Amino acid sequence: MMSMIEKLMGQDNNLITPAAFGLNYDTDNTVSLRRVSMVNNPFCSDITFIVGPSKQRIYAHKQYLVTASEYFYKLFCGTYIEAEQKEVVLKDTDPVIFLMLLRLIYGAKVDINDENIRDIYDCMQRYMLYEFTQPLSDFLISKIVDPSTAIEIFKQNDFYNFLPVNEKSMHFIQNNPLSYSENGDFFTLSKTRLAKILASRQINCTCDQLNGILRMWEAHNPNTDTKELRKLLTSISREFYSHKLPLLGHISVENQQYGENLSLKLESNKSLSLYGFGVYVKSGSNAVNISITIEWRCFKKCHNFNISNTNIHAVQTLDLMFSEVPLLPHQEYIIKMTHRAISTSCSISRIFRTMTSELNFPDKVKMQNSYR
């Protein structure tokens, strides 16, 4: 029986044009493009796969396969019977997915979408194509465009654990963890995903707030052992995922009044976000409630903090962190701090704001304080 190559060559063995084999040697063509043209090409093929229930015939070249995967190296160069055969049956593999894997091996692009990404990944794992997951990772990264998509892709990546996807998602999570907590997004995370967050060395919340997030997660996952999570919470030294803006001289209120206000005006010539304030508090009360309100036109956002005062004779250094508050440029914002305890003095010593080196006090940010 005459092979396809023999038919193409003809009985007189005259050389036929490369185009008959899908090859193009024009100056605007490349070796990479010619290699892509060899996908499922019978020309020089030395192995044929019979794929799926439909028994679709797919042509391939061992030299490409054995360099791509140890699975194929062992299959074709080991003691398996397939090493001596010209055809290999893959009855449990989808031929469409298998062709996509071949395209990746041969250097071609493939179309990844929500419907096929899991099947492609599973097939990659089956055939040990561990070095070809970049297109899958890139697809997931392309879907991370805002905080809501970041948390969803972060959850989805629990299956794949692509490091670049983790990094892109974690930027949003580290930047505004308290917003996710307020929306309940953290409570549906798997244990491994929550551990990734608790292991962060930079995040815009305090250890006490992380502890609160873990307690709420435990309430939603009562049958899960959280000893390892508790260890992560206490064993890591963390910094905030924001820049400190030190104030040149504390803005303070010292009095014996209940509910005294400190008012601070803040204006920047660039967009920035606020995440919290560093304050010094000295109080004769065992418990202090501090309220921070940010106002701009009709916008008003209030944050309340209940503070346990274990030493009435000492000054406490506190970081009062809240969910991200974006500020528009060239707009004046009024920031008010109110305490709810007698014999109390408060001072603001620093502001936590956007992670950028472009904003430096006092050139870029104007502040003015007043008292009530």
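These notebook entries record what I looked up in the predicted model shown above.

**Entry 1. Ground rules**

I number residues from 1 along each chain as its sequence is written, and my side-chain values use heavy atoms, with hydrogens and water left out. Because the model is predicted, local features need pLDDT of at least 70 and side-chain atom pairs count only at pLDDT 80 or more, while totals for chains, interfaces and linings use all residues. Helices (H or I, at least four residues) and strands (E, at least two) are DSSP runs, numbered from the N terminus.

**Entry 2. The sheet of three strands**

I looked up the strand order of the open sheet with 3 strands and found β2-β1-β3, with mixed pairing. Two strands count as paired if DSSP finds at least two bridges between them. The edges are held by β2 (56-60) and β3 (87-90); each has a single partner strand, so one side of each is left without a neighbour in the sheet. From one strand to the next, the twist averages 25°.

I then followed each pairing. Strand β1 (residues 47-51) is antiparallel to β2, and 5 bridges join them. With β3, strand β1 pairs in the parallel sense over 4 bridges. Val51 has Leu90 in β3 as its bridge partner.

Is β1 mostly covered or mostly uncovered? I found 5 of its 5 residues buried, where buried means under 20% relative accessible area, exposed over 50%, and partly exposed in between (1.4 Å probe, protein chains only). In a regular strand the side chains alternate between the two faces of the sheet. In β1, Ile47, Phe49 and Val51 lie on one side, Thr48 and Ile50 on the other, and both faces are covered.

**Entry 3. The nonpolar cores**

A nonpolar core is a set of buried Ala, Val, Leu, Ile, Met, Phe, Trp, Tyr and Cys residues joined through side-chain atoms within 4.5 Å. In soluble globular proteins, nonpolar side chains tend to be buried together.

Which residues touch the most other members of the largest core? Among its 69 residues, they are Phe49, Leu65, Phe98, Leu102, Ile105 and Phe186. Helix α5 (residues 95-105) gives the most to this core, with 7 residues. Another core lies apart from it and has 27 residues, including Leu262, Phe277, Val281 and Ile292.

Not counting residues up to four places away in sequence, Ile105 touches Arg35, Tyr64, Leu65, Ala68, Leu129 and Phe132; contact means heavy atoms within 4.5 Å. Helix α5 itself lies across β1, β2 and β3 and runs at about 10° to β2. For such angles, axes are lines fitted to C-alpha atoms, for helices over the stretch in contact, and angles run from 0 to 180 degrees between N-to-C directions.

**Entry 4. Helix α7**

In helix α7 (residues 134-142), I found Leu136, Ser137, Phe139 and Leu140 buried. They are on the same side of α7 because they cover an arc of only 160° around the axis, the arc being that of the directions from the helix axis to the C-beta atoms. These buried residues pack against α6 (117-126), α8 (147-160) and α9.

**Entry 5. The hairpin of β7 and β8**

Strand β7 (residues 287-296) runs antiparallel to β8 (residues 299-308), joined by 10 bridges. Asn289 stands opposite Asn306 in β8. Between these strands the hairpin has 2 residues, and Arg297 takes a positive phi near 50°.

**Entry 6. Two loop residues**

Asn176 sits in the loop between α9 (163-175) and α10 (177-183). Asn176 counts as buried because its relative accessibility is 12%. Beyond neighbours within four places in sequence, Asn176 is in contact with Ser323 and Glu324.

Ala314 belongs to the loop between β8 and β9 (316-327). With a relative accessible area of 27%, Ala314 is partly exposed. Leaving aside neighbours within four places in sequence, Ala314 is in contact with Val281 and Lys282.

**Entry 7. Cysteines**

How many disulfides does the whole structure hold? My search found 0, a disulfide being a pair of cysteine sulfur atoms within 2.5 Å. Cys77 is partly exposed at 47%, whereas Cys123 is buried at 5%.
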